[in-house]
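Please consult the sequence and the structure shown below while reading.

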Amino acid sequence: MQDEYRTVARAGVHETEINRSRFLCALAPAATEQEAQDFVAAVRKEYADATHNCYAYVIGADAAIQKASDDGEPGGTAGVPMLQMLMRRDMRYVVAVVTRYYGGVKLGAGGLIRAYGGAVGEALDTLGTLTRRRFRLATVTVDHQRAGKVQNDLRSTGREVRDVRYDEAVTIEIGLPDADVEAFRAWLADATAGTAGFELGGEAYGDA
């Protein structure tokens, strides 16, 4: 697994005009290829009267799934430069659709490549990106007397508390960077006089 990846901070649309053609870049986070395809279909429906709706998406922290479409523009002048811009910015789990309304002036292959790639770059700059970092899920089990203090200590040291369950004991789910696991284990034993349970789970990604 990758240690971290970047994705778009929020969904949105950025518009730019080049030689009287309007380029609207719609960006959105997408957890799966199906989500990306659904977003492309929704944008195409919204801008059904446009000259072209070209798209590119990258799914997977390791960029395992990459797709691009020129949607009628000359081969390699739209979808590929859009995809290249996403990859150059290390973007993952993201989908981009650039809608073009033709303005009567031909841009040529070089102009199209710059326009489509540039539209994605500008949209990323406008909407912002965020980094998500890999961490280990872990479960802490403590008695009710210590639970409140442990939770406060976790939050005050910037630990991500993901879930808290109250049964006979209190179960607190947290996320930890791999490098912190042993130090955390020692801290927890010290903070609870060795009474807390600690169990490592699987891996996930969270905001860095």
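UniProt positions are given in the numbering used here, and annotations may be inferred rather than shown by experiment. With that in mind, the UniProt record, an unreviewed entry, places the feature "domain: Impact N-terminal" at residues 20-124. The model is predicted.

**Domain layout**

- The domain assignment divides the chain into domain 1 (4-127) and domain 2 (133-207).
- The centres of domain 1 and domain 2, taken over C-alpha atoms, lie 41 Å apart.
- Residues 20-124 are 39% helix and 29% strand, and 22 Å separate the end C-alpha atoms of this stretch.

**The largest nonpolar core**

- The largest nonpolar core has 26 residues, of which Cys25, Leu27, Met82, Leu86, Val98, Tyr116 and Val120 touch the most other members.
- Two or more residues of this core come from each of β3 (21-29), β4 (52-59), α2 (79-88), β6 (94-101) and α3 (108-127).
- With eight residues, α3 gives the most to this core.
- Leaving aside residues up to four places away in sequence, Val98 touches Phe23, Leu24, Cys25, His52, Asn53, Cys54, Met82, Tyr116, Ala119 and Val120.

**Helix α2 and its packing on α3**

- The buried residues in α2 are Gly79, Pro81, Met82, Leu83, Met85 and Leu86.
- These buried residues of α2 pack against β4, β5 (65-69), β6 and α3.
- Two packed helices are described by the angle between their axes and the distance between the axes.
- For α2 and α3 the angle is about 35°, and the axes are 8 Å apart.
- The crossing in which α2 passes α3 is right-handed.
- On the α2 side of the contact are Pro81, Met82, Met85 and Leu86, which meet Ile113, Tyr116, Gly117, Val120, Gly121 and Leu124 in α3.
- Asp90, which follows α2, has a positive phi near 60°.

**Val120 in detail**

- Val120 is located in helix α3.
- Is Val120 buried or exposed? Val120 counts as buried because its relative accessibility is 0%, and buried means under 20%.
- Val120 touches Cys25, Met82, Met85, Leu86, Ala96 and Val98, not counting residues up to four places away in sequence.
- Val120 and Met82 are 38 residues apart in sequence, while their C-alpha atoms are 6.2 Å apart in space.

Definitions and conventions:
Residues are numbered from 1 along each chain as its sequence is written. This is a predicted model: local features need pLDDT of at least 70, side-chain atom pairs count only at pLDDT 80 or more; totals for chains, interfaces and linings use all residues. Side-chain values use heavy atoms; hydrogens and water are left out. Domain bounds come from an automatic or database domain assignment. Helices (H or I, at least four residues) and strands (E, at least two) are DSSP runs, numbered from the N terminus. A nonpolar core is a set of buried Ala, Val, Leu, Ile, Met, Phe, Trp, Tyr and Cys residues joined through side-chain atoms within 4.5 Å. Buried means under 20% relative accessible area, exposed over 50%, partly exposed in between (1.4 Å probe, protein chains only). Contact means heavy atoms within 4.5 Å. Axes are lines fitted to C-alpha atoms, for helices over the stretch in contact, and angles run from 0 to 180 degrees between N-to-C directions. A crossing is left-handed if the near helix is turned anticlockwise from the far one by less than a right angle, and right-handed if clockwise.
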